[in-house]
Amino acid sequence: MKETVRNLPFLAIPEQEKGKTALKLLAVNPRLNGLLIVGNNSFGKSMLADSFQDLVGENQLFKIPISLTEDRFYGSYNLDTNFLEEKQNIQGGLLRKLKYQVGLINQVELLDEMYLFEMMDCVDKGYVRIEREGMSESFKINGSIIAISEEERANISQGTLDRFGLYVNIEHSDNSTREKIVKQIFEFIKNPEKVIASFSEKTNELKSSIAKAKKRLADISIPDQQIKLIAQLNVEAGSQGFRGDIFLAEAAKAHAALRDVKEVTDQDIMVASFYVLPHRLTNNKQIDQELNSERNNSIESDQDETNHEERTNNQSLSNENTSFDQLNPNTNALNNEEQAFDSVADEVIVETNKEVSLPTNLPIVLQDSISKIGKRGKTKSLTKQGRHVKSSSKPAHNLDIDIYATIRAAAPFQKVRPKKQDTAISIVESDLRYKIRRRGSEVSFIFIVDASKSMHAEKRMELVKGTIFTLLKDAYKKRDKVAMVTFQGKEAKIALPVTKSFDLAQRLLDKLPIGGKSPLAQGLQSGLEVYLSAKKKNPELIPLFVVWTDGKANVGLELHTTIQQSIDDSLVVGKKYKKMEFSVLVIDTEQGYIQMQLAADLANAMGAEYIKITDLKGDNFAKYISNKRNKIRS
Amino acid sequence: MTYKHRYPFTAIVGQENMKLAILLNIINPKIGGVLIKGEKGTAKSTAVRSISDLMDGLEVIDLPLSITEDRLLGTLDMEYAIKHGEKKFEPGILYYADNNILYVDEINLLDDSIIDSLLDVAAMGVNTIERDGISHSHSSRFILVGTMNPEEGEIRPQLLDRFGLSVDVFGEKNVKDRMLVIERRLAFENNPSAFIQQYHLEQTTLVEKIHMAREILKDIEISPFIYQVVAELSIELGLESHRADITMIKTAMTIAAFDGRKQVQREDISQAAYLVLPHRLRQAPFDNSANNAFDQIKMALSTISVVN
């Protein structure tokens, strides 16, 4: 049963111009594969995405639930009564819907990445191939994906991210916009028909203008000079591979088609670049700048303790203002074209043989380095956990019956077995087959690293990095997973959610900024969060926490805590570890003559094993960890 | 499923190593396949898919990551069993891969139990099925081609060993070449058949060259000093298994044949070494692989004293 769901019309949604432009580009050109909409607590993301149907038609959008199962994803056999007589036909399957339709995923960060990867890969290739459970099928697809993430750094694997043509970050709405949106929603709830009707004429116009633009797409050409600009922008952005180039060309074509011109211009490309390039930036200059500003902030704030809070508040306020100012001009890209082009054109520096610069207000998505934007990445692992790979007659620990394999086992006997009434197929106990799924207990190291100012002293950080490195190498060999939380300055951040990418961990470590205060309690809190969100994916994940600290906390869970409070906070959070009986190793980084032994207290509170960093020697350490892991595993 | 419009192999910009490794495998399937590693979006899949245009009857058989064991190995034909009460074998992917190319995209993400089955068959060249009341075996000799992005995770060592050759591909940093990539791609998407027609001559020339190379390969000559060079190189690099030596010689022979020569030269060995050895060298896991391996091989090559 399908209910008609009424959505707030696309045109009735106030503001949100960036998001609207991105949706239009995707509607016109499905070759863009998909659009990733992100925004932390921002307002109306899904409302906006739902209204996509106004651009492409009602039946062209379908929702993909995050509670997907494999049979719903790949399709399954039709087990109706004529199952035995007729050629079995495969039923359903979300992948099949992607033949012509656009799939919408809300809260994509909660979807098992296996599905997202598979969808994006299929959309990218333009076809689906299924070889599962007796099904052997392949077909072409033409659809695309709209994914919405609550988190600004959605922690989608880079390969998957790369396959999204478009990316848009929906900012916090300012109060007046919020007001407008709320007002509009209330009116809509009160009388949806009236709102829809009042926009229906314009909605139809919009729909037909999109359809026309879609038709024009094939006739739009890109002059050499503009192709050059596309390549230059991608080189400048440091896009890996060629998808950035192709997507930028396709998005610029879509933009030109919407404007009803025959040739792509620099402006089309510059507007398109706002949506195509942000998630591809690897350009070191930009990222280094970002990192540096972060580093300076924390060092600065460390020096000046009294006015510190006030000043940072002001700073962030003014930052917000400037970013709004910067963003406003191009937000109107399509709705108010002339004006938009004028202002965008100001920033465009394109002349023959001149150096090309990326637009100054291009949003930056730090892919694999310390992210300033997202503090709370949730875990996405790439392993195909829980995927059914084969069947067995021996039941696994749960009653996970493989219907297809069971019927197959019973098949040869159908001619000879007496048939009961009303049953199509006769199955006896010995036919039963169970699914063997790929999921095992996995060990994940969760590193919690103190990167505060005191770590500068006596080459302490080098020692810490050395030990982390040893651990990483070992974990790599054993194919364990790793996550990393660092804390310094005002807060802790999840530098790396649970992952198998050791390369990433290592690079991260190289760039780890040091300085600022020591919010130990927050670091410990984030460690728990990392584990808990990874556990949602794999309930059998076994964490092994390793904490590097001297225990000298001076920022607590809340702002303006005294040193004693800060230390107490860390002990309070530490006790949670003990309560949950986690395996924890505290590596005390304290050195010198006067030692306060705070880390030992912490270890005690956490129920952790405790070791001084100076007692760690290469081989011994690796062996120690290795034993520890084996004990956990068994 | 066949695709009418495939991007032509000869229209791929740059990536000479990758193209060479693929061609050598088509000329001489005994080389043992190729692993193509590289950053995302570097047209790895496009290149593999385009192979089937280079040889009549050669198909690229996909092995999707989501495959289940029954579809890989083959199983009981259920429909037949129900209708006739008899057991019949329903072939899986490995049956269709026989004498063809077996292609695994993102091979580093393939499930372990699928890899085990795959390795087993790859080693024997025969797929033996004893399951679901079925007892059956068939030949399954295929050229294994895998592509992967190392950022997404490592590949299992046993699987890595199975590949005759490995190549690294990189994105193009040069604006001119990048423009070429964009132009060709757009032209292809816009009108595939016209684009394919443009490359007709280049494609047929290449196909002829492959056929000639296959003929030459039948009576290729290797002088004894070539064996010496290979042996010295392997010792210098501390390679324990002989598989590397043998693959190096096979590859060098094929390089010579592709070049239209019946004599294997020392340079052929050098060129082969860069394709055969990088993934077999012992490396610390955190070394930045490609360059380091290349340097090692270069060094080793320069120390070899054998002269013709």
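## Basis of the model

This is a predicted model, in which local features need pLDDT of at least 70 and side-chain atom pairs count only at pLDDT 80 or more, while totals for chains, interfaces and linings use all residues. Residues are numbered from 1 along each chain as its sequence is written, chains are lettered from A and ligands numbered from 1 in the order written, and side-chain values use heavy atoms, without hydrogens and water.

## The five-stranded sheet

Chain A holds an open sheet of five strands, ordered S2-S5-S8-S1-S9, with parallel pairing. Strands here are DSSP runs of E with at least two residues; helices are runs of H or I with at least four, and both are numbered from the N terminus. Two strands pair if DSSP finds at least two bridges between them. Strand S2 (61–64) and strand S9 (166–169) form the edges, each pairing on one side only. Neighbouring strands are turned by 20 degrees against each other on average, direction ignored. Axes are lines fitted to C-alpha atoms, for helices over the stretch in contact, and angles run from 0 to 180 degrees between N-to-C directions.

Strand S1 (residues 34–38) runs parallel to S9(A), joined by four bridges. A:Ile37 has A:Val168 in S9(A) as its bridge partner. Helix H1 (residues 17–28) of chain A lies across S1, strand S8 (144–149) and S9, at about 165 degrees to S9(A). Contact means heavy atoms within 4.5 Å.

## The six-stranded sheet

Another open sheet of chain A has six strands in the order S14-S13-S12-S15-S16-S17, and its pairing is mixed. Its edge strands are S14 (491–499) and S17 (609–612). Here neighbouring strands are turned by 15 degrees on average, direction ignored.

Strands S12 (residues 443–450) and S15 (residues 542–549) of chain A pair in the parallel sense over seven bridges. A:Phe445 stands opposite A:Leu544 in S15(A). Two helices meet this sheet. Helix H19 (residues 520–537) of chain A lies across S12, S13 (481–488), S14 and S15, at about 25 degrees to S14(A). Helix H21 (residues 598–606) of chain A touches S15, S16 (583–588) and S17; its direction makes about 175 degrees with that of S16(A).

## Where chain A meets chain B

Chain A puts 72 residues in contact with 58 residues of chain B. The buried area is about 6100 Å², with 58% from carbon and sulfur atoms. Buried area is the accessible area (1.4 Å probe) that two parts lose on being put together, summed over both. A:Glu131, A:Phe242 and A:Arg408 supply 12% of the area that chain A buries against chain B, more than any other three residues.

Six salt bridges cross the interface. Each is a side-chain nitrogen of Lys or Arg within 4 Å of a carboxyl oxygen of Asp or Glu. B:Asp70 and A:Arg408 meet in a salt bridge at 3.2 Å, N to O. Helix H10 (residues 224–237) of chain A gives the largest share of chain A's side, eight residues.
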